[in-house]
Amino acid sequence: MNSWPAPAVPALPGRGPQLRLYDSADRQVRPVSAGDTATMYVCGITPYDATHLGHAATYLAFDLVHRIWLDAGHRVHYVQNITDVDDPLFERAQRDGVDWRELADRETDLFREDMAALRVLPPHDYVAATDAIAEVIEVVEKLLASGAAYVVEDAEFPDVYFRADATAQFGYESGYDRDTMRRLFAERGGDPARPGKGDELDALLWRAQRPGEPSWPSPFGPGRPGWHVECAAIALSRIGTGLDIQGGGSDLTFPHHEFSAAHAESLTGERRFARHYVHAGMIGWNGHKMSKSRGNLVLVSRLRADGVDTSAIRLGLFAGHYRSDRYWSDAVLAEAVERLDRWRTAVALPAAPDASDVVGRVRRYLADDLDTPKALAALDGWSTDALTYGGHDPDAGRTVATAVDALLGIRL
């Protein structure tokens, strides 16, 4: 699967500081100790609808990680999946009277267009679940052989399940108690009431073929992958063990990331699938949760069609901290547009205040758990000084514009 074109990333003098991020499992901000090649797996979309600002906020957060690693001198091996075979996709295709593959291809194409327009650095490997069936089957076979998985002996549908107790550390990533796990499992694609399971929390690995659903042959019968195993299989086959970051939205913490990590740990015997588990907050609209059921999704493609500068979209989402649940509104967008215009005016001045201090502060703030509000405030201060008092450095505007492009992905 092809990703999208990569925007040019200008190089800054020297190297940026080491990245520190909040780890969901450890509940604290700590250094990300990546090697020469930093590795990151971020969960991709289920392509049954257009990219909304919640998606954009997540992928922009990890775009910052990518850029900060590059600024610190790392190579980056970034992998992202596409869950192009799943119940929501089939349900939407049936509702709209289209083939599920046609719907998946169309929405994946739109997602790529949106990411390219937002200047998000593409993954090195962009992998559809339907292109990773062989890897998933291999993982399921190994889990069955080790006793970490079992077949529900249902006369009609012999599904394969992963034992939630297959690893002693299960639950460490989310830190949730069992009641919370059970509730979220039911809300987020789990099937706690499935007859024949050993435990309510056991997660589907391989769904036996149902009428009207696509399927692939396997040693345990025709069927299709479960959701969590898809990511474990793709990450292990493309990156291997010792993953630096597993990332996604905060709604993926449980069950998706908890189980994908447990699947991998059960296979490899490692205590942790990833050294860091990083989760972005949710985006609402005008004080309400953004959801399809409310009909209040703000689509990136709609904003683009309305002529909104995608740099303003980035700025609007960066105005809040990536880990915080926050709201989008017309006021947020208007403030972002005004900020973008002010910065562009400042960097276009024939001379401006020295830029070395502000660039250094932006680097430090972003490396400290992606603190975009502080980074934006620092740039606001420099812009205000430039517009109010001018300066004596004819290269300062170009220096700031280059740093903002390299670190924030915003073209001034």
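Glu-107 forms a salt bridge (a side-chain nitrogen of Lys or Arg within 4 Å of a carboxyl oxygen of Asp or Glu) with Arg-106, and the closest N and O atoms of the pair are 3.4 Å apart. Glu-107 counts as buried at 9% relative accessibility, whereas Arg-106 is partly exposed, with a relative accessible area of 41%. Here buried means under 20% relative accessible area, exposed over 50%, and partly exposed in between, with a 1.4 Å probe and protein chains only. The model is predicted, so that local features need pLDDT of at least 70 and side-chain atom pairs count only at pLDDT 80 or more, while totals for chains, interfaces and linings use all residues. Residues are numbered from 1 along each chain as its sequence is written, and side-chain values use heavy atoms, with hydrogens and water left out.

The structure holds 35 salt bridges. One of them joins the side chains of Arg-363 and Asp-71, at 2.8 Å from N to O. This pair links distant parts of the chain, 292 residues apart, with Arg-363 in helix H11 (residues 356-367) and Asp-71 in helix H1. Helices (H or I, at least four residues) and strands (E, at least two) are DSSP runs, numbered from the N terminus. Both Arg-363 and Asp-71 are buried. Arg-342 forms a salt bridge with Glu-338, with the closest N and O atoms 2.3 Å apart. Because Arg-342 and Glu-338 are four residues apart in helix H10 (residues 330-347), about one helical turn separates them. Glu-338 is partly exposed, with a relative accessible area of 41%.

Domain 1 gives 24 residues to the contact and domain 2 gives 17 residues, where contact means heavy atoms within 4.5 Å. About 1,800 Å² is buried between domain 1 and domain 2, and carbon and sulfur atoms give 61% of this area. Buried area is the accessible area (1.4 Å probe) that two parts lose on being put together, summed over both. Of the area that domain 1 buries against domain 2, Leu-64, Arg-67 and Ile-68 supply 29%, more than any other three residues.

Four salt bridges are counted between domain 1 and domain 2. The side chains of Arg-20 and Asp-368 also meet in a salt bridge, at 2.7 Å from N to O. Strand E1 (20-23), helix H1 (53-71) and strand E11 (274-280) are the elements that give two or more residues to the side of domain 1 that touches domain 2. The most comes from H1, with 11 residues. By class, this side of domain 1 has 17 nonpolar, two polar and five charged residues. Ala, Val, Leu, Ile, Met, Phe, Trp, Tyr, Cys and Pro count as nonpolar, Asp, Glu, Lys and Arg as charged, and the others, Gly among them, as polar.

Ala-280 lies in strand E11 and is buried, with a relative accessible area of 2%. Leaving aside neighbours within four places in sequence, Ala-280 is in contact with Thr-58, Ala-61, Gly-248, Gly-249, Ser-250 and Tyr-322. Ala-280 and Phe-62 are 218 residues apart in sequence, yet 8.8 Å apart in space, C-alpha to C-alpha.

Asp-202 lies in the loop between helix H5 (178-187) and strand E8 (203-208) and counts as buried at 3% relative accessibility. Beyond its neighbours within four places in sequence, the contacts of Asp-202 include Tyr-161, Phe-162, Arg-163, Phe-185, Asp-191 and Lys-197. The side chains of Asp-202 and Tyr-150 are joined by a polar contact of 2.7 Å, and the side chain of Asp-202 reaches the backbone nitrogen of Ala-164 at 2.9 Å. Asp-202 and Tyr-176 are 26 residues apart in sequence and 16 Å apart in space, C-alpha to C-alpha.

Technical notes:
A polar contact is a pair of N or O atoms within 3.5 Å; within protein, one must be able to donate a hydrogen and the other to accept it, and residues adjacent in sequence count only if both atoms are side-chain atoms.
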